[in-house]
Each structure stands twice: as structure tokens, then as C-alpha cells.
Amino acid sequence: MEPQEIREGYLVKKGTVLNSWKAVWVMLSEDGVEFYKKKTDRSPKGMIPLKGATLISPCQDFGKRTLVFKITTEKKQDHFFQASHVEEREFWVKDIKRAIACLQGGKRFARKSTRRSIRLPDAVNLNELYLLMKDQDDGVKELKLEQENRVFNHCFTGATVVEWLISKEKARNRPEALMLATGLLNEGFLQPAGDLSKEGAESAEQTSFLDETKALYYFADSGFFCEGYSSDEDVLLKEEFRGNIIKQGCLLKQGHRRKNWKVRKFILRDDPAYMHYYDPTKGDDPLGSVHLRGAVVTAVEFVPDAKKYDIDGNLFEIITSDEIHYFLQAATAEERKEWIKAIQAVSKSGK
């Protein structure tokens, strides 16, 4: 019986020889993880057997590189992968761990029911807690805070997090709330923003999260950015990042000059309506942005020069108000539909 395919998509992987990080197409099956240089390749670049393997998430071996998880095979070979946002990492980690458990128990992979089970008060699901904290109506409010001649956008204080956990009855007291917040920090859901919170995160203390009004934090996949007092031009540029993140993930993008296709991480924001794209293997500085106010986005079946690069299917086009054309490819038809719907909504409502 052929192994069941469980999940597929783009991830960034650390090379085993050159130690460089590159975007690859990854396919998870019941017994292993295959990764390909391109989605259209017929033969995988490598295969990671999951029988006897272990998984660590988050993996904090690489300093500022976040959202990394590590698979160690039975033969003690390490493989490092990086997701583009928290939810994506959690989906991969959950399915890989379940595949490993099924192999150990001699069972077939089957997804668990999505029906919520009754949990003991001390059995906290950090992923669920994170989603509750991000709720726009009832979660932790993201603010613009000023500190030491710098402005921190889309952040909050450590004391705010602790008080929210207690007020929502997720913790009985401040020490218990502090342990929960430390868990969120250690798992990569929360990130330190200022110098004080960064020092706390790097300390060897049991609770590296600081219950202080001067310790600043932000959600890992929020629109956080820090700015100093600078020129009007710099402030205008920062304005692009003020919007809430509506959607993010990896897509294939056609270059404007060479017409080649590369994997890029996209972050879609509203008010102002921008979509920034990044090299998923590098830092947080965008390669470029697409102003979406008044833009038109449609699914297309043909893109010039796409066939030459073996690009076919799930294509869509964005035409900006300045009549600049962007051609993109989603991983699946459903994903293309989701991106088009999100971009259409932002282009009409965002300024």
C-alpha cells in the first residue's frame, strides 16, 4: 500500500553540506518527509525517514532565525526547517509528530477530530491560547509605544500579557501567568521587542518573560516594526507597515526583468493596502512591495515565459492602479482562491 500524502508546501531548509538556507517544496507522507528543489520536480532532492525520528520545536539553534523546527532521524542526522509564520509551523509540527507516533505504534495516520475536548485547567494548549490572545475584540491590544527615542508599533508590555491571562482566567495568579507567558515566549509565539525584554529572553532564568511595564513584546506574525526619529521620507516608508496582517505565506513570483520564478514570502496588510514580499531564506527587510489600493486581481491560465520555467497551474495576476503587472503562482487551487479573495477585499477597503 502506497504511503498516504499528508501535507505539502514551501518551507525553508538548511543545507547539510553548504549550511545555506533555501526554499524547497516539501511533501510529508506517513513514513517520511521528501523535499524538492522545485514543486514540479519528479525526483526529490532528499528524503527523511520518520521511523524512529524525533522532532524539536521551536529549535533555537540559530539566534535570530525564528520559526525553525528540527527533525533528527534514527541515525542521528539533523534536518532543520523554517516556516513563514507561526500557524504554518504548528500545522507542520503537529502532522509530523503524529506521523512519527503512528509509525512507532504501528498505526495508519488519521487526523484527529477537530471537536474540542475538555481540558484540565493545567493542560494548556499554547497554540489555542495564542489565537485567543490575538483576537481583535477580546485579546491583547497591540499599541504604538514610545521608549528611549524609539517608537514600537504593534506591541504590548509584559505586564499587559500577565494581566490579560489572569483576567481571562487562564491563570490563577501572577506567578502562574508568568510561567504561561514564558512558555509562549520559548515556543516563539511571542517575541521580545525592546532591549529589556531581549535581555530577559537571553537570560538563564526559569521565567525569561518579564512582568514589567517597560518590557515590550509582540506577536510573532504581527505587523511589528520599530522606528527612530528620522526624516519625513523614512516615516512615509514606515507607513506601509502600519496595517494589520490579513494573510501571509509563500508564493512563486515572476521577476520583472529576467522573467524567472522564485519563491517569495508575502505579507498582505490592510489600511494602508500593501503586499510586501521577502526572500524567505533571509532577514525581515522586504525586497519590494505592491500597493493594492485600486488594484485588480484575477486568476489566469497563461503567463508569458512561464512554461519555459516549468510553471503551470494555480496562476493569478495583480494589476496595480499604476498598471504594473505581477504574476504569481499558489501551491494549490484552494490557496489561489484564498489569496485572490483576500487581495480583492484589501484593494477595495485599504487606502
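Predicted model: local features only at pLDDT ≥ 70, side-chain atom pairs only at ≥ 80, totals over all residues.

Colleague: What's the phi of E169?

Modeller: Phi of E169 is near 60 degrees, a positive value in a residue other than glycine. L67 also has a positive phi, of about 60 degrees, and is not a glycine either.

Colleague: And where does L67 sit?

Modeller: L67 is in the loop between strand 5 and strand 6. L67 is buried, with a relative accessible area of 11%.

Colleague: What else is in that loop?

Modeller: P58 is there, in the loop between strand 5 (54-56) and strand 6 (68-72). The peptide bond leading from S57 into P58 is cis, with omega near 0 degrees. A cis bond also joins D271 to P272, with omega near 10 degrees. P272 belongs to the loop between strand 14 (261-269) and strand 15 (274-278).

Colleague: Switching topic: which residues have the most contacts inside the largest nonpolar core?

Modeller: Those are M133, L165 and F209, in a core of 25 residues. Helix 2 (126-133), helix 3 (158-167), helix 4 (174-186) and strand 11 (216-219) each supply at least two residues of this core. Helix 4 gives the most, with six residues.

Colleague: What does M133 touch?

Modeller: Leaving out residues up to four places away in sequence, M133 touches G139, V140, V161, W164, L184, L190 and F219.

Colleague: Which residues of helix 2 are buried?

Modeller: The buried ones in helix 2 are L129, Y130 and M133. They sit on the same side of helix 2, because they cover an arc of only 100 degrees around the axis.

Colleague: Remind me, why do residues three or four places apart in an α-helix point the same way?

Modeller: An α-helix has 3.6 residues a turn, so residues at that spacing point the same way.

Colleague: Speaking of aromatics, how many aromatic pairs does a search of the whole structure find?

Modeller: The search finds nine aromatic pairs. One of them is F62 with F80, which is edge-to-face: 4.9 Å centre to centre, with 90 degrees between the planes. This pair links distant parts of the chain, 18 residues apart, with F62 in the loop between strand 5 and strand 6 and F80 in strand 7 (residues 78-82).

Colleague: How exposed is each ring's residue?

Modeller: F62 is partly exposed, with a relative accessible area of 24%, whereas F80 is buried at 10%. Another pair, F266 and Y277, is tilted: 5.7 Å centre to centre and 40 degrees between the planes. F266 is in strand 14 and Y277 in strand 15, 11 residues apart. Both F266 and Y277 are buried.

Colleague: Which lysine lies over the face of Y277?

Modeller: That's K253, at 4.8 Å from the ring centre.

Colleague: Last one: where is N314, and is N314 buried or exposed?

Modeller: N314 lies in the loop between strand 17 (296-300) and strand 18 (315-319). N314 is buried, with a relative accessible area of 18%.

Colleague: What lies by the polar atoms of the N314 side chain?

Modeller: The backbone oxygen of A331 is 3.4 Å from a polar atom of that side chain, and the backbone nitrogen of A333 is 3.1 Å from a polar atom of the N314 side chain. Not counting residues up to four places away in sequence, N314 touches K39, L328, Q329, A330, A331, T332, A333 and R336.

Colleague: Great, thanks!

Definitions and conventions: Residues numbered from 1 in each chain as written. Heavy atoms only, no water. Core = buried A, V, L, I, M, F, W, Y, C linked by side-chain atoms within 4.5 Å. Buried < 20%, exposed > 50% of the residue type's maximum accessible area, 1.4 Å probe, protein only. Helix = DSSP H or I, 4+ residues; strand = E, 2+ residues; numbered from the N terminus. Contact = heavy atoms within 4.5 Å. Arc of directions from axis to C-beta. Phe/Tyr/Trp six-rings, centres within 6.5 Å; stacked < 30°, edge-to-face > 60°. Lys NZ or Arg CZ within 6 Å of the ring centre and 35° of its normal. Polar contact = N/O pair within 3.5 Å; in protein donor to acceptor, adjacent residues only side chain to side chain.
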